[in-house]
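Please take a moment with the sequence and the coordinates before reading on. The paragraphs below move from the chain as a whole to one of its pockets.

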Amino acid sequence: MSQDEYFSVHAHLKINVEELGDGEHVPSDVAFGREIPIAFRIASDCSDIDGSVEKEIHTLHHDQGHALSKFLTAQNEKINLLLGFMLSQQDDPNLRFQTETFGASSLTFIAKKAFQKGQHLRLKLFLENPPSAIYCYGTVYGCKEKNGKFAVGIKYTRLQEEDRDVLIRAALHQQQKLLRQRALERDN
């Protein structure tokens, strides 16, 4: 599947956007893998584990494992709280933006200044569901003025496949949330 085949959803994620300095380049795949901060590695590993174990917990029948399921869910929530705190330390308020849309191949955000097409950026994405954070690189594919601000589009250029899977799950979760909200509005 090529990057262009992933869908995007309208949702506000907290992100950090850092312009690469003079002489800085997007690292090779190998260098990128070594560069990822430990907090983001842990978040990715936890998200992978959550995704695989969550289905198994839900398969426990009510009479067979309700207490175990409840206990495991509580432990997972505790770990997610600690992980969220740890990841919040990675958020730089000076580099903070909010997405307009995101998906597994690209994102858009609104900025007060213009970014140049082809410009390389270091990104940190902070997701609420699944609770995780993603460290990656992207390239500006478009920048349009919008009400005195700029809508900036970024395609990911360095992104771990596990993190792409997390973005797919996050986009699907957001889409389900929007569909439920529309159904409730329609029923009212």
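A residue counts as buried here when its relative accessible area is under 20%. By that criterion, 36% of the 188 residues of the protein chain are buried in this model, which is a predicted one. The protein chain exposes about 11600 Å², and of this area carbon and sulfur atoms supply 53%.

The protein chain has 4 helices and 7 strands, and, read from the N terminus on, its elements follow the order β-β-α-α-α-β-β-β-β-β-α. Where contacts in the protein chain have a separation of 6 or more, 70% of them are accounted for by residues 24 or more positions apart.

From the chain we turn to its empty space. Rolling a probe the size of a water molecule over the atoms shows where such space is left. The second largest pocket holds about 450 Å³ of space, and its lining draws two or more residues from each of helix H3 (62-88), strand E3 (96-103), strand E5 (120-127) and helix H4 (161-187). Which element gives the largest share of this lining? That share, 5 residues, comes from H3.

In total, 22 residues line the second largest pocket, and those nearest its centre are Leu13, Phe126, Leu127, Glu128 and Asn129. Sorted by class, the lining of this pocket comprises 9 nonpolar and 9 polar residues, together with 4 charged ones.

Methods: Residues numbered from 1 in each chain as written. Predicted model: local features only at pLDDT ≥ 70, side-chain atom pairs only at ≥ 80, totals over all residues. Heavy atoms only, no water. 1 Å grid on protein atoms, 1.4 Å probe; cavity = no way out; pocket = protein on both sides within 12 Å on 5 of 7 lines; lining within 4 Å. Points joined across faces, edges and corners; volume = space filled by probe spheres on them. Nonpolar A, V, L, I, M, F, W, Y, C, P; charged D, E, K, R; others polar. Buried < 20%, exposed > 50% of the residue type's maximum accessible area, 1.4 Å probe, protein only. Contact = heavy atoms within 4.5 Å. Areas by Shrake-Rupley, 256 points an atom, 1.4 Å probe, with all protein chains shown as cover.
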